[in-house]
Amino acid sequence: MRNSNKTAAMLLAGGQGSRLKALTKDMAKPVVPFGGKYRIIDFALSNSTNSEIKDIGVLTQYKPQLLNRHLGIGSAWDYDRNHGGLRILSPYYTEEGGKWFEGTASAIFENINYLDQVNPEYVLILSGDHIYKMDYRELLDVHKSKGASATIAVMEVEWEEASRFGIMNTDEEGRITEFEEKPANPKSNLASMGIYVFNWKVLRKALIEDDKDKNSTNDFGHDIIPKMLASGDPLYVYKFDGYWKDVGTVRSYWQANLDLIDPNNELDIYDEDWKIYTTSLNLPPHRIGPKGELKDALVNEACVIDGKVDNSVLFSNVKVDEGAEVYNSVLLNGSHIKEGVKIYNCVVAEDIEIDENIGCENSNSVYLVSNEGIEEE
C-alpha cells in the first residue's frame with residue numbers, strides 16, 4: 001500500500017459550465033447528473049477515495065446549494081473523518097480582504113490557510129467536471145521519481161484536435177520544455193488534462209508571487225505553469241491512457257452517458273476494484289410493466305416503464321407511458337414521456353413532461369429538452 005497521507009487534494013468545483021445550457025441553469029456543472037445515478041463530481045471524488053487521499057478540499061462558487069447538499073459531510077466517499085476528510089471551501093470576506101475566485105490559481109491562493117493547516121508535502125489540483133478514472137498514486141509516483149516541482153497529467157489527443165488544448169512539449173525523459181495554450185500549429189499532441197501535482201512549498205511561493213502580479217489572470221495554465229517553466233523549475237508529464245471526457249457540451253454529455261451502455265467501455269462503472277461512489281436517494285426499485293420493453297439501457301430506481309426504451313440512460317423516477325418509444329436518449333430525474341410519443345437522441349432535463357415527437361431515426365442531431373424549450377445541436 002502506497003502512502004498518500006502527505007497529499008492534499010484541492011477539487012475545483014465552482015464552474016458554471018454555460019455550454020451545457022439549461023442543464024446548469026440552477027446548478028454548478030460538477031453536480032449535473034450523469035450515468036443514471038451519479039453526479040459528474042462523483043468521479044473525481046471517487047478517484048481520490050480509491051487513491052487513498054485522506055484530505056480533500058472542494059472549492060465551490062457558482063450556485064453551490066445543490067452541490068453542498070450532495071457532498072454533505074463526505075460520508076458517501078468515506079470522507080466523514082475526525083482527522084482529515086472533506087472540507088467545503090467557499091469564497092469568503094474578512095476585515096483583511098477576501099474575494100471571489102478569479103481563476104484556478106486564485107481559488108487555491110485564497111485557501112492557503114486551509115492548506116497550511118493540513119501541512120501536506122504534495123498538493124493535487126483536480127477539476128470537478130471531467131468523467132474518468134485515475135489512480136492518483138501513479139501520478140504521485142512519477143512526480144516523486146522525477147524529483148519534479150510539478151507534474152501535469154496529459155493524454156494524447158488526435159492531432160487535428162490538439163489546437164483546442166493546452167499542449168505540453170517534452171524531452172525524451174518527459175520533462176516539459178514548452179507549454180503552448182491552444183497552438184495553431186502544435187508541436188505535440190500531449191494535451192493537459194487540468195490535473196496537477198505540486199510540491200506544496202514550491203506552489204505556495206508561486207501562488208503568492210502570482211497574486212502580486214497585477215497583470216496575471218491567476219490561472220494555472222496561463223500563469224503558474226509558464227512562470228515556473230521560465231524560472232527553470234523541473235516540470236514533468238504523467239501520460240494517462242484511459243477513458244477521459246470533458247462533458248462540456250450537450251452533445252459530449254449525451255455521448256458520454258451513452259458510452260456507459262457499451263459493455264466494452266473503458267470507464268467500466270461495474271469494476272469492483274474501483275467503485276464510483278455517490279449519495280443514495282433511498283428510492284424504491286424500478287418497475288417494468290407488462291408492455292414495457294428494455295434493450296441496452298441503464299435504468300435507475302423508481303422508474304416506471306410501460307413503453308419501449310432502446311439504447312438509453314434513465315435516471316430516477318422516470319416514467320415512459322404505454323406506447324411511448326425512447327431511443328438513444330438520456331432522461332434525467334422525474335422526466336415523463338407521454339403515451340404514444342417517440343423521441344430520438346434527446347437529453348431531457350429534470351421533471352420535464354414530453355407530449356410530442358422529437359427527432360427521427362438516423363438523425364445526427366442531439367436535442368436538449370428543458371423548460372426553456374427544445375434546442376438542437
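## Terms and basis of the model

A residue is called buried when its relative accessible area is under 20%, exposed when that area is over 50%, and partly exposed in between, with a 1.4 Å probe and protein chains only. By this rule I276, at 8% relative accessibility, counts as buried.

The model is predicted, and local features need pLDDT of at least 70, side-chain atom pairs count only at pLDDT 80 or more, while totals for chains, interfaces and linings use all residues. Residues are numbered from 1 along each chain as its sequence is written, and side-chain values use heavy atoms, with hydrogens and water left out.

## Overall form

The protein contains eight helices and 26 strands, where helices (H or I, at least four residues) and strands (E, at least two) are DSSP runs numbered from the N terminus. Its radius of gyration, taken over C-alpha atoms, is 22 Å, which agrees with the value near 21 Å that a compact globule of 377 residues would have; the globule rule behind this is 2.2 Å times the number of residues to the power 0.38. Along the principal axes, the C-alpha atoms fill a box of roughly 65 × 50 × 40 Å.

Of the 377 residues, 54% count as buried. With contact meaning heavy atoms within 4.5 Å, 56% of the contacts between residues at least 6 apart in sequence join residues at least 24 apart. The protein exposes about 17400 Å², of which carbon and sulfur atoms supply 43%; accessible areas come from the Shrake-Rupley method with a 1.4 Å probe, and for residues only the protein chains shown count as cover.

## Aromatic pairs

A pair of aromatic rings is described by the distance of the centres and the angle of the planes. Rings of Phe, Tyr and Trp (its six-membered ring) pair if their centres lie within 6.5 Å, and planes under 30 degrees apart count as stacked, over 60 as edge-to-face and the rest as tilted. By this rule the count comes to seven aromatic pairs. One of them is formed by F34 and F43, which are edge-to-face, at 5.7 Å centre to centre and with 80° between the planes. Both F34 and F43 are buried, and together with Y38 and Y253 they form one aromatic cluster.

The rings of Y327 and Y344 have their centres 4.8 Å apart and their planes at 10°, so this pair is stacked. The pair links distant parts of the chain, with Y327 in strand β19 (residues 325–327) and Y344 in strand β22 (residues 342–344), 17 residues apart. Y327 is buried, at a relative accessible area of 14%, and Y344 is buried as well, at 12%.

## Buried loop residues and a helix position

N345 is found in the loop between β22 and β23 (346–348), and it is buried, with a relative accessible area of 6%. Leaving aside residues up to four places away in sequence, N345 touches W254, Y327, N328, S329, S363, S365, V366 and Y367.

I276 has its place in the loop between α8 (250–259) and β14 (287–288). Not counting residues up to four places away in sequence, I276 touches Y38, D42, F43, S46 and K133. The C-alpha atoms of I276 and W77 are separated by 8.8 Å, although these residues stand 199 residues apart along the chain.

V142 lies in helix α5 (residues 136–146) and, at 21% relative accessibility, counts as partly exposed. V142 and Y236 are 94 residues apart in sequence and 8.5 Å apart in space, C-alpha to C-alpha, and V142 touches T151, V237 and Y238, again without residues up to four places away in sequence.

## Positive phi values

Most residues other than glycine have a negative phi. K21 has a positive phi, near 55°; this residue is in the loop between β1 (7–12) and β2 (33–34) and is partly exposed, with a relative accessible area of 31%. K182 also has a positive phi, near 50°, and is found in the loop between β10 (176–181) and β11 (190–199), where K182 counts as exposed at 51% relative accessibility.
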